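Hi there,

Here is the structure I promised to pass on to you. Have a look at it first, and then read my notes below.

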Amino acid sequence: MKKIIALFLLLAPLMLFSQQRDVKVYREFIEGKTVVFADNNEFCPVSVLMRAELVNMRSSLKAPYVLVPARTKRFVIAEISVVDLKKEFNFKYQNSFLLGDINLKKYDIDFPYSLPYKQGEEYMIGQGYNGKISHQGEFALDFIMPIGTEITAVRDAIVVDVQDSNTENCMKKDCAEFNNYIVVYHEDGTLAEYTHINTNGSFVKKGDIIKRGDKIALSGNIGWSSGPHLHFFSFVSDIEKGRRSIRTKFRTEGNRLEFLQEKKFYKKDYEF
């Protein structure tokens, strides 16, 4: 009877959050070993998670994932070799991918985020952290603003994902699949998503470098939304949840640095 060794059993919920990414995992036989490589064509590092089953073989992989740098070819994921050539051997594996480092522990918790709109404008936080409508257990913010409002970048970043072709809208959770959004990667390894942007409302594309205060999109009311607003949250990738949102401090009027509160208005009295 074959003895199958399951090296890494990934948590089932993770598969729900893994999305199609421009990452290729493949293998080659080199000098008596099977070498597993990854080509990461994304504009930020990607956590490549492997679920492997081996029969009479061993792997050099010591953890359930490998962080592959951005825009990298032939990055070695693992080397797999036969234990006993006199016996039957075989292996198979599955992969999933998440943007960023799922093991990120240190990032700038006091970074001064800029408000995501133009100087002189003022908008209310309709729903804040752990909101009762759709933010339970999430550090997300809803800026109530008219459709077509110019959205500006809250900090320097590189654009890693854009979806602005959807047109559907409803108040059911199922409509989240129709969200339009821009996802960006920050220099400290965190990411952020600007959600519900208008149809064809993005001014940026994957790979663009954006600076704090740059105009990046027009706000909308697309996807799972009860009214025109910008849904914003910063996050790190997480092996259990897929994404783990994080609290972010914003520069507000009078150069204060604070966590934004639900039902309060915030005026941007600075340019960037």
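The chain has 1 helix and 25 strands; these are DSSP runs, with helices (H or I) of at least four residues and strands (E) of at least two, numbered from the N terminus. Please keep in mind that this is a predicted model, where local features need pLDDT of at least 70, side-chain atom pairs count only at pLDDT 80 or more, and totals for chains, interfaces and linings use all residues. Residues are numbered from 1 along each chain as its sequence is written, and side-chain values use heavy atoms, leaving out hydrogens and water.

Of the 272 residues, 50% are buried (under 20% relative accessible area; exposed is over 50% and partly exposed is in between, with a 1.4 Å probe and protein chains only).

Now for the charges. I found 14 salt bridges in the structure, each being a side-chain nitrogen of Lys or Arg within 4 Å of a carboxyl oxygen of Asp or Glu. Here are three of them:

- R74 and E28 meet at 2.8 Å, N to O. R74 sits in strand β7 and E28 in strand β2, so this pair ties together parts 46 residues apart in sequence.
- K206 pairs with E42 at 3.0 Å, N to O. Both residues lie in loops, 164 residues apart. K206 is partly exposed at 33% relative accessible area, whereas E42 is buried at 1%.
- K215 pairs with E150, with the closest N and O atoms 3.7 Å apart. K215 belongs to strand β19 and E150 to strand β12. Shared partners join K118, E150 and K215 into one network.

Happy exploring!
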